Amino acid sequence: MSAPAPRSTPAPRSAPTPMSASAPMSAITRRRARTAAWSLLAAALLVLLTGVALGTGQVDIPFWDALRALFGQGAGGDVLVVQQFRAPRVVSALIAGAALAVAGSMLQRLFRNPLAAPDTIGITGGASFGAVLMLATGASQQFIPLAAVGGGLLAALLLGAFAWRSKMAVTRLVLVGLAVQQGLAAAVNLMIVRFPAELASSAMQWTTGSLYGRNWTEVWIGGGAIAGCAAVALLCQRRIAVLDLGDDSAGGLGLDPARDRLRLLLLTITLASLAAALTGPVAFVALAVPHLVRLLAGPPTPGTLGLTALTGAVLLLGADLLVLHVIPVHGLPVGAVTATLGAPWLLVLMIRQGRLPQRSS
């Protein structure tokens, strides 16, 4: 009888390599690097467009001289032209473009709908209604930002009332918002028709979105309020990320989804209304920019929110440069250019949104 063969002792297992931990970290690192690279590119493009906008006009100023004149350096004539006549318009475009883009990004996350934006859920329509109503009363121009914020809150109140009565899901509120937007736009048109001739032209120019005639008082008041709202929005990004997980998960992590979503919605409405008070209801910036940033840099993070603000500022300032120096139509509002560029984008989004349920089924 042969002796049993000795059992082979199994080789000691090597310690598991941290592939599962390193793979997500490397993906996060790559995403952050991509966001930083696009942010640097957007910032460089923003400086380039700012120099061009400050130096181009009836009196041409060299690029670097225009940037120096913005900070009060250089020839006295250059400083006067840049600081008093061109800089308020340029700074208004930068502030409003960034605010609209950030508001659009937050609304799309809060509503969980890629078509959500201030100009599709009635916010800009409400801001227009409030501002035009203030113009109709003959009040001072300094009260227009407050009237615009009040009009935006009125639109939000109408949206919430219709949605609460019909018990509509958050993802379908955009349909109600479009109805609110069109109703408020009809009210604005009715007021403009009833205006005296001297007020009708200024009201019509305001409702189409224009950067004409901006001054430093409007820039400081509107820009300061927008900067405060944007800072709060940045601090709330972690809370929004928790809400992205769904109401059940957010509630399990200690949040009150309904209350927190309402607070964030009020913050977003205020931000969009202040931007509309500064430039009028500029269309499609808030809708298109978040999608573009998501395509370039991936899912939303605090870093991509900064990239969103930079991209919105670049888009609105670039559209204003087209209005001033490329398109041969005198007095064309910048909102007409952004609407022309954004209409095809909205059509593509609606087609994709309509196909998504078919693909998932």
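**A surface patch, some salt bridges and a bent helix**

Phe162 comes out as partly exposed, at 48% relative accessibility (buried means under 20% relative accessible area, exposed over 50%, partly exposed in between, with a 1.4 Å probe and protein chains only). The model is a predicted one, where local features need pLDDT of at least 70, side-chain atom pairs count only at pLDDT 80 or more, and totals for chains, interfaces and linings use all residues. Residues are numbered from 1 along each chain as its sequence is written, and side-chain values use heavy atoms, with hydrogens and water left out.

Phe162 sits in helix α5, residues 144-166 (helices are DSSP runs of H or I with at least four residues, strands are runs of E with at least two, and numbering starts from the N terminus). Together with Leu154, Leu157 and Leu158, Phe162 makes up a nonpolar surface patch with about 370 Å² of accessible area. Patches take residues with over 30% relative accessible area and no salt bridge, joining like charges within 9 Å and nonpolar side chains (Val, Leu, Ile, Met, Phe, Trp, Tyr) within 5 Å. The areas come from the Shrake-Rupley method with a 1.4 Å probe, and for residues only the protein chains shown count as cover.

Next come the charged pairs. Five salt bridges turn up in the whole structure, each being a side-chain nitrogen of Lys or Arg within 4 Å of a carboxyl oxygen of Asp or Glu. One of them pairs Arg109 with Asp244, with the closest N and O atoms 2.5 Å apart. This pair links distant parts of the chain, 135 residues apart: Arg109 is in helix α3 (residues 76-111), while Asp244 is in the loop between α9 (237-243) and α10 (247-252). Arg109 is buried at 11% relative accessible area, whereas Asp244 is partly exposed at 40%.

Asp260 and Arg239 form another salt bridge, their closest N and O atoms being 3.5 Å apart. Asp260 belongs to helix α11 (residues 257-279) and Arg239 to helix α9, so this bridge ties together parts 21 residues apart in sequence. Here Asp260 is buried, at 3% relative accessibility, and Arg239 is partly exposed, at 36%.

Back to α3, the helix that holds Arg109. Of its 36 residues, 28 are buried, so α3 is mostly covered. α3 bends by about 55° at Arg86, with the proline Pro88 following within four residues; the bend is the angle between axes fitted to the seven residues ending there and the seven starting there. After α3 comes Arg112, which has a positive phi near 55°.
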